[in-house]
Amino acid sequence: MLTLLMNTFTIIFIIAIVISFGIQHWLSWRQKAYVLQHRDQVPQAFRERVSLTAHQKAADYTVEKSKLGDLDSVAGLIFLLALTLGGGISLVFEFWSTFALSDMQSNLIAVASIYLLMTVVDIPFSLYQTFVIEEKFGFNKNTIAQFIKDQLISLGLTMAIGLPIMALILWVMDSIGSLWWLYAWLIIISFSLLMSWLFPTVIAPLFNKFTPMEDGSLKERIQSLLARCGFNSQGIFIMDGSRRSGHGNAYFTGLGNNKRIVFFDTLIKSLDEDELEAVLAHELGHFKRKHVIKMLVASSIMTLISFAILGWLITQDWFFIGLGLTTHSNAAALLVFMLVSPVFTIFMQPISAYFQRKFEFEADDFAAEHAQGSKMISGLVKLYEENASTLTPDPLYSAFHYSHPPAAIRIAHIEEKMQSV
Ligand SMILES: [Zn+2]
């Protein structure tokens, strides 16, 4: 009976891989085909604002990134199969267990080595993305030295923060009994709240320089917008995004009283003051319409459900053996669960994208109410053009993946809103 279950679970795993991999590659193929089909003409709504050259650049950029994404996903799949059914995880855990280390030490080192391997597998793709694709389309400002430095800082941070948390969770798994997953969830949630709170002042400055915005007309307008919307913040900062890339953006970061508003220096250069005000009003809309809290609650619930499922799976032999694990350690179970769950939860992707797009519409409404809708539109068009984002994504692909509505739909929505304001 058990052997049958093990084999059945291996088969279910393989079917889930075929389905999720198939859907992703089919969508990606559709996206490339659709973008290329619409490459020769700027869509009617944008004809006066976007040049054909810019439109074609966006098409080529989208297709090249998508091709790299396909390759990356094939490599990821091969690596996943090698780690699970190929016995990779078991091999690494067994290797480290031969040393004179405590169980906890060897488990932590095993998890860290697999994480390191995953990072190494991903490096060629990041290199190609940055120094070939971004370079070719004129976005790259990064240097190899900076790239290596970034990788090392990220790795150091992950190890310095991740290993103690992992140790704590493994300890809880070993010591608390069958409700360990509830405590592990509490640890993860408190930790991620702490990290969100620390991010703007402690983590982000390790990678970029943040300069308080200088006094002047822009700052005055921003402050009056913040006052109008009743928003408290710990300051408005300019980030040296141009150190690595020509892409522009703006975001809010932090929690509670530690909130910051951050503009990329590249964005300040490309948008005028009215447009910057509208973009900021959009970001404020995310806070005022409680999107940040809603996302936080949703992801906490998802994490709780995942941990509860793992709490049950970890007591089932077929889960371990069906995924190629010969070691029965909690650390290996936790690791394989994190690696494998995206394969089974692919159906969540379009649902979460749908809600994210709903939030984007609400934030755009907020911008149209508290700033100038027409400036939101012209700012968006500039951002699309300067970031070479395609104006003609495949409808199915964008419904599945896009966290932002496609440009044409988004702009039509703002225009509609402007008529009712
Ligand atoms: Zn938004």
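A pocket is an open set of points, on a 1 Å grid over the protein atoms alone, where a 1.4 Å probe fits and protein lies on both sides within 12 Å along at least five of seven lines; lining residues have an atom within 4 Å of a point. The model is predicted, and local features need pLDDT of at least 70, side-chain atom pairs pLDDT 80 or more, whereas totals for linings use all residues. Residues are numbered from 1 along each chain, and side-chain values use heavy atoms, without hydrogens and water.

**View 1. The second largest pocket holds about 1100 Å³ of space.** Among its 37 lining residues, Leu334, Leu335, Phe337, Met338 and Leu339 are the closest to its centre. The lining has 31 nonpolar residues, 6 polar and no charged ones.

**View 2. The largest pocket holds about 1600 Å³ of space.** Asn249, Glu360, Tyr402, Ser403 and His404 are the closest to its centre of 49 lining residues. The lining comprises 20 nonpolar, 24 polar and 5 charged residues.

**View 3. The largest nonpolar core has 47 residues.** Such a core is a set of buried (under 20% relative accessible area, 1.4 Å probe, protein chains only) Ala, Val, Leu, Ile, Met, Phe, Trp, Tyr and Cys residues joined through side-chain atoms within 4.5 Å. Ile89, Phe93, Trp180, Phe319 and Leu334 touch the most other members.

**View 4. Surroundings of Phe93.** Beyond four places in sequence, Phe93 is in contact (heavy atoms within 4.5 Å) with residues including Asn107, Ile114, Thr327 and Leu335.

Terms used: Points joined across faces, edges and corners; volume = space filled by probe spheres on them. Nonpolar A, V, L, I, M, F, W, Y, C, P; charged D, E, K, R; others polar. Buried < 20%, exposed > 50% of the residue type's maximum accessible area, 1.4 Å probe, protein only.
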